[in-house]
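Hi,

Here is the structure I promised to pass on. Have a look at it, and then read my notes below.

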Amino acid sequence: MDAPILYTFSFIFLVLVQFSVLSGTEASSMNGFTVDLIPRDSPLSPSYNPSETQFDRLQKAFRRSVALAQNFRANGVSTNAVESSVIANRGSYLMNISLGTPPVKMLGIADTGSDLIWRQCQPCVNCYKQVEPIFDPRKSKTYKTLKCDGKACGYLGAQATCGADQTCGYSYSYGDGSHTYGDLAIDTLKVGTATVPKVIFGCGYDNAGSFDENGSGLIGLGGGPLSMISQLRPLIGGRFSYCLVPIGTDATVASKMNFGRRGIVSGAGVVKTSIAERDPKTFFYLTLEGMSVGSKKLAYKGFGKSPSEAADEGNIIIDSGTTLTLLPGDFYSTLESSVADAIGGDPVEDPTRNFGLCYSSLEGLTIPTITVHFSGGDVVLKPLNTFVQIQENLFCFSMIPAPDLAIFGNLAQMNFLVGYDLNSRKVSFKPTDCTKH
């Protein structure tokens, strides 16, 4: 059964942070810290609407995905083009940090598909409505704009602007018509009890579009030099991990993200694969060699390539903020057919036409194990990773075809402790009950 392309909805994180030791001089020996990741639509989020059902919230997320599908194209483009094509309000989680001295809270979209941290700033030329007070950099003792000839400004590439006073500016225009323009600056970042000086961020004076009033900006968590992950790298030793609880878990149970020593994944059952070097640096690229449905192995076929050419290094992005797994159309069709054959039963149509393989019930059906063959190791997926209930009496395969971008999404990563070591350039997977991690 064919289905139209649906790109995933990304996660926005509301982060409650609990730190132990976090000083720059102790970066190599620190114990690390852990954050709670709370869905935007959960009762703990300011965006929570108690009149909505779980399926209402899922449908909202799918609508964001459809919008992303219409705007996001990443077929060998530059960081600038990728950034400008992303939906501005594409995520589903928020992150809570502070900037400035004294610190001013920022509840921002946490985006694993972006690098720059930016927030709304006074005096506003054009700002969208937000619940929190808008940051006024004139009241921060540690705020300082950056110059056009500096390295940080160079990292912006074509998104950099230069004022008459040589102040570096940034200009992001998103694919859905949203935009943010402002100055590139440094200020003190505070996350939980940790204080990090001279963190680079964008101070936005002109911001408009589809941004959520419950958030005051965006927190880039990608792999580029301006992301929060990259700027904290010396502090955390280049190590972080997360453990995502399955959909439908009690709303009081949060997913976890770990940094520093706590971000190390080790022990029995750990599978490791290499992070490939590719552009844009925003994303984390892995190498997918194929998948197995039960004992039937399927060689990976890329976009317009034969199986023998498809296992190019870095042919799939791993993204904790993308929900569904996106695969090249031909390979997806082969995979879907194999899954349907293994299950048997009578598939039904998804009325939204977003998913290609659905069933009215999974009772009495045998869902096959799907093994993902990455270079260097195999990750075994359970039914909770491969099927999602999208409404009453409708369960759908959580992998979909995509025209030009392959992503290993977060449904496939749930109940795994997934660790990143940016120094050794490895990603580790360890089967884990994330409700107890």
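**What I found**

Of the 437 residues in the protein chain, 57% count as buried (under 20% relative accessible area, with a 1.4 Å probe and protein chains only). Keep in mind that this is a predicted model, where local features need pLDDT of at least 70, side-chain atom pairs count only at pLDDT 80 or more, and totals for chains, interfaces and linings use all residues. Residues are numbered from 1 along each chain as its sequence is written, and side-chain values use heavy atoms, leaving out hydrogens and water.

The protein chain has eight helices and 28 strands (DSSP runs, H or I of at least four residues for helices and E of at least two for strands, numbered from the N terminus). β23 is joined to β24 (residues 394-397) by four bridges, and Gln389 has Phe395 in β24 as its bridge partner.

As for contacts (heavy atoms within 4.5 Å), 69% of those in the protein chain with a separation of 6 or more are between residues 24 or more positions apart.

Finally, which residues line the second largest cavity? They are Thr112, Leu221, Phe240, Tyr242, Met257, Phe284, Ile318, Asp319, Ser320 and Tyr420 (on a 1 Å grid over the protein atoms alone, a cavity is a set of points where a 1.4 Å probe fits but cannot get out, and lining residues have an atom within 4 Å of a point).

Cheers

Definitions and conventions: 1 Å grid on protein atoms, 1.4 Å probe; cavity = no way out; pocket = protein on both sides within 12 Å on 5 of 7 lines; lining within 4 Å. Buried < 20%, exposed > 50% of the residue type's maximum accessible area, 1.4 Å probe, protein only. Pairing = 2+ DSSP bridges.
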